[in-house]
Amino acid sequence: MKKSLLLAACVSVALHAQTPTPRDSTSRAPAATPVPAGTASLSGVVLDETSHPLRRATVLIHGDRQLEVSTVTDDHGRWTFTALPAGRFTITASKPAYPSMSFGARRPNRPGSGVLLSAGKTVSDVTLTLPRGAVLSGVVFDDHGQPMPDVPVMAWELRTSLGGERTLDFPASGGESVVTDDRGRYRIYGLPAGEYTVGTAWFYSGMAGAVRVPSDEQIRAAFAAAQRPPGSVGASAVSLPQMPTSEHNFTATFLPGTTDPDTATTVQVAAGDERNDLNIQMLFRPMSVVTGTVEMAQGSPSIELRLHKRTRVSALNVTTFWSTSDGKFTTASLAPGNYTLTAHLAANKTTPAMWAQADLAVTGAEPVTVALTMSPSMTVTGRLVFNGSASPPADLSSIRVELVPMPDSGSRTSDVVVDASGTFSVGGVIPGGYRVIASAQPGPSPSAWTMRSVVSDGEDVTDLPLVIGPSGNRSMVVTFSDQVGELSGTVSNPSGGAVTDYFVIVVPADSRYWIPGSRRIVSARPDVTGQFRFRGLPPGAYRIAATTDLVQRDLQDLGALAQIAEHASPLTLDAGEKKVYDFAVGR
């Protein structure tokens, strides 16, 4: 898979130990106030890739103090905004069949550059060029080759997760679906360049009118009964096999005809490409159900159940439902596949938190029956340790500790209770992978405390997944330090002027820390003076880079992170160190 993240070459980098004028990144933004009218103005033109004006395109500007204004281009593609206050503005143009483009962006659906306006300033030469979107089209057929109308279809973008797996995601333009017409045809347009597959939409759950299909044995028995003369010996004694209890239906299908999204055929498209005849053969499959019971304590309420399909397409993964009051449950119709069923009962005054889990394989039409036996959930206990010269917070119950489930782990966030002395317990924990997050709320003291380490049963799991199995409880020590590291600097052009259109990105050099939500993966856009600041980064080895082309989900994509790290410069941050790293870009 080809991915591009256009990184700026760091032509001149100054690395030194002094700290610039401190800026309090923890202070809260002031409450929104009405934006006053100003005397500045912005105007320009929207063109297509052949430099022809685009009429009736929408132009949206975002400014400081939550200002957001839109307009529509005239017959010559022109647009104008007047009476604007001073500040920094981003400008985005969009039109059906064209991916959105921001001024200064190199690719669609990216943030682009800002335009700085001072009081009374007029900027009239802003040109936005919209490339034509790619088109994917084809016909959806049933299992007999007949066109199928009213099937929701969408494009899925190929991506790479931080675990290195090939996966699918909603495209950058959104997860909009189209519905096949009376000829079974679909047409998806306005896609930015990229690699896609086509499949049924994430909410597709089969067609109305599911049927019960008799087996060959049932058909033969029925014919045998019909061929006996009326009144013949044994005619009334013919017993037909019981009809199946499950249904057949069309299951979610991906190009060209697979139920496994990870093996779907993908297509690479450039701007304006049209890929026709991307036909999908729907699969008519036996649909099963999972039915069973979950053992419940006397007087317990109904139990929450989560059915997790073990696929890396997160939009297709989890279904939540509830048992009846007597512990019985039945799922909706399920396509063949591998599933994990988890039952969870929250603690109450009379019942502790309980859990049960079973891995299931749905392979055919027969119902899958399972009996879940609830077990007491695990408890993670621990204590807080404060290493530093300052006094710890007087009331340690203000410290926040969380166990956050890793994506697709099937686990769930658990409640954490920290007492005033700093000991804590996390109840209701079920097996799975978790991230440990701990933070201290700012207090009246100027000292700040950040999480330094997490050690669980002798294992250092700081910023790494904590895997909790069903074998028993875990204990941990969470250590805080008042030596808060800080990385700051400026981004400037060759003449020394402030540059605000870049993103500064910091990623850990050790790819073990490339996990979703990591506090070691950060990005920031410089302020109007070109300054950026990261506070609270853990000590360690990092890579730092600047780019004009970044969206947040790039930081959750392995390919994008690998490319950032490849083009970035090495950087080491010691405990409590305040380091300045200046970029000179644009040469």
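Which backbone oxygen lies 2.8 Å from a polar atom of the side chain of Thr-180? The backbone oxygen of Met-148 does, at 2.8 Å. The legends below cover this site and several others.

The model is predicted: local features need pLDDT of at least 70 and side-chain atom pairs count only at pLDDT 80 or more, whereas totals for chains, interfaces and linings use all residues. Residues are numbered from 1 along each chain as its sequence is written, and side-chain values use heavy atoms, with hydrogens and water left out.

**Figure 1. Overview of the protein.** The protein has two helices and 44 strands; helices (H or I, at least four residues) and strands (E, at least two) are DSSP runs, numbered from the N terminus. Of its 587 residues, 45% count as buried, where buried means under 20% relative accessible area, exposed over 50%, and partly exposed in between (1.4 Å probe, protein chains only). Among contacts (heavy atoms within 4.5 Å) between residues at least 6 apart in sequence, 73% join residues at least 24 apart.

**Figure 2. Surroundings of Thr-180.** Thr-180 lies in the loop between strand E13 (178-179) and strand E14 (185-191) and is buried, with a relative accessible area of 2%. Besides the oxygen of Met-148, the backbone nitrogen of Val-151 lies 2.9 Å from a polar atom of the Thr-180 side chain. A polar contact is a pair of N or O atoms within 3.5 Å; within protein, one must be able to donate a hydrogen and the other to accept it, and residues adjacent in sequence count only if both atoms are side-chain atoms. Not counting residues up to four places away in sequence, Thr-180 touches residues including Val-140, Pro-149, Asp-150 and Tyr-186.

Figure 3. Most residues other than glycine have a negative phi, and most peptide bonds are trans. Asp-150 has a phi of about 65° although it is not a glycine. Asp-150 sits in the loop between strand E10 (134-141) and strand E11 (152-160) and is exposed, at 55% relative accessible area. Phi of Ala-83 is near 55°. Ala-83 belongs to strand E5 (residues 78-84) and is partly exposed, with a relative accessible area of 40%.

Figure 4. The bond from Leu-255 to Pro-256 is cis, with omega near -5°. Pro-256 is in the loop between strand E16 (247-251) and strand E17 (267-269).

**Figure 5. The loop around Ala-448.** Ala-448 is found between strand E33 (432-439) and strand E34 (450-456), and is partly exposed, with a relative accessible area of 25%. Its C-alpha atom is separated by 8.9 Å from that of Ala-390, 58 residues apart along the chain. Leaving aside neighbours within four places in sequence, Ala-448 is in contact with Ser-481, Asp-482, Val-484 and Arg-535.

**Figure 6. Packing of helix H2.** Helix H2 spans residues 558-567, and Ala-560, Leu-561, Gln-563, Ile-564 and Ala-565 are buried in it. An α-helix has 3.6 residues a turn, so residues three or four places apart point the same way. The buried residues of H2 pack against strand E39 (503-508) and strand E42 (540-547).
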